[in-house]
Amino acid sequence: QLQLVESGGGLVQPGGSLRLSCQASGFTLDYYAIGWFRQAPGKEREGVSCISRSGSATNYPDSMKGRFTISRDYGKNAIYLEMNSLKPEDTAIYYCAARVMGTSFQNICGLRPYEYAYWGQGTQVTVSS
């Protein structure tokens, strides 16, 4: 059974940091691009970051560049999202998602939710003083 499980969310003060993890089970992430997404109450789900199947390419919206860093560990079959300088507007449920990518597309990834077939249940991140 394909499963993605996020962890690492919690309550943090503005300016603080969190590291989210996404652990896969039932399949290997080696052939997948991985994205992190978030959804705040009353808002649409938005892309936060993605990393290509090869790990050579990453992508971030402008509002997150320099604050968020995505990485992957093939040996642990896991993806991470390091978040720094957190702001109250970063409060949301954070999801990881996976999309299988062929060899020809191993160096690209996208930030549109509809591109991804497999999703985790999410982890809550709250930024508040």
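Predicted model: local features only at pLDDT ≥ 70, side-chain atom pairs only at ≥ 80, totals over all residues.

Visitor: Why are Cys22 and Cys96 called a disulfide?

Guide: The term is given to a pair of cysteine sulfur atoms within 2.5 Å. The sulfur atoms of Cys22 and Cys96 are 2.0 Å apart, so the pair meets that definition. Cys22 lies in strand β3 (residues 18–25) and Cys96 in strand β9, so the link ties together parts that are 74 residues apart in sequence. Strands here are DSSP runs of E with at least two residues, and helices are runs of H or I with at least four, both numbered from the N terminus.

Visitor: What makes the disulfide of Cys50 and Cys109 right-handed?

Guide: The torsion about the S-S bond is about 70°, and the link of Cys50 and Cys109 is therefore right-handed. Their sulfur atoms are 2.1 Å apart. Cys50 lies in strand β5 (residues 46–51), whereas Cys109 is in the loop between β9 and β10 (118–119), so this pair ties together parts that are 59 residues apart in sequence. Both Cys50 and Cys109 are buried, a word used for under 20% relative accessible area, with exposed meaning over 50% and partly exposed in between (1.4 Å probe, protein chains only). The count comes to two disulfides, and with bonded cysteines counted along the chain they follow the pattern 1-3, 2-4.

Visitor: What makes a group of residues a nonpolar core, and how many residues has the largest?

Guide: A nonpolar core is a set of buried Ala, Val, Leu, Ile, Met, Phe, Trp, Tyr and Cys residues joined through side-chain atoms within 4.5 Å. The largest has 28 residues, and those with the most contacts inside it are Trp36, Phe68, Leu81, Met83 and Tyr94. At least two residues of this core come from each of β3, β4 (32–39), β5, β7 (68–73), β8, β9 and β11 (123–127). Another core, of eight residues, lies apart from it and has Ala97, Met101, Cys109 and Tyr116 among its members.

Visitor: Why is Asp90 called buried?

Guide: The relative accessibility of Asp90 is 1%, and because the cut-off is under 20%, the residue counts as buried. Asp90 lies in the loop between β8 (78–83) and β9 (92–100). The side chains of Asp90 and Arg67 make a polar contact at 2.8 Å; the term covers a pair of N or O atoms within 3.5 Å, where within protein one must be able to donate a hydrogen and the other to accept it, and residues adjacent in sequence count only if both atoms are side-chain atoms.

Visitor: What makes Arg38 and Glu46 a salt bridge?

Guide: Their side chains meet at 2.6 Å, N to O, which is within 4 Å, so the pair qualifies. Arg38 is buried, with a relative accessible area of 8%, whereas Glu46, at 35%, counts as partly exposed.

Visitor: Which residues does Glu115 pair with?

Guide: Glu115 forms a salt bridge with Arg99, the closest N and O atoms being 3.6 Å apart, and another with Arg112 at 2.6 Å. Glu115 counts as buried at 14% relative accessibility, and Arg112 counts as partly exposed at 46%. Salt bridges that share partners also join Arg38, Glu46, Arg67 and Asp90 into one network.

Key: Residues numbered from 1 in each chain as written. Heavy atoms only, no water.
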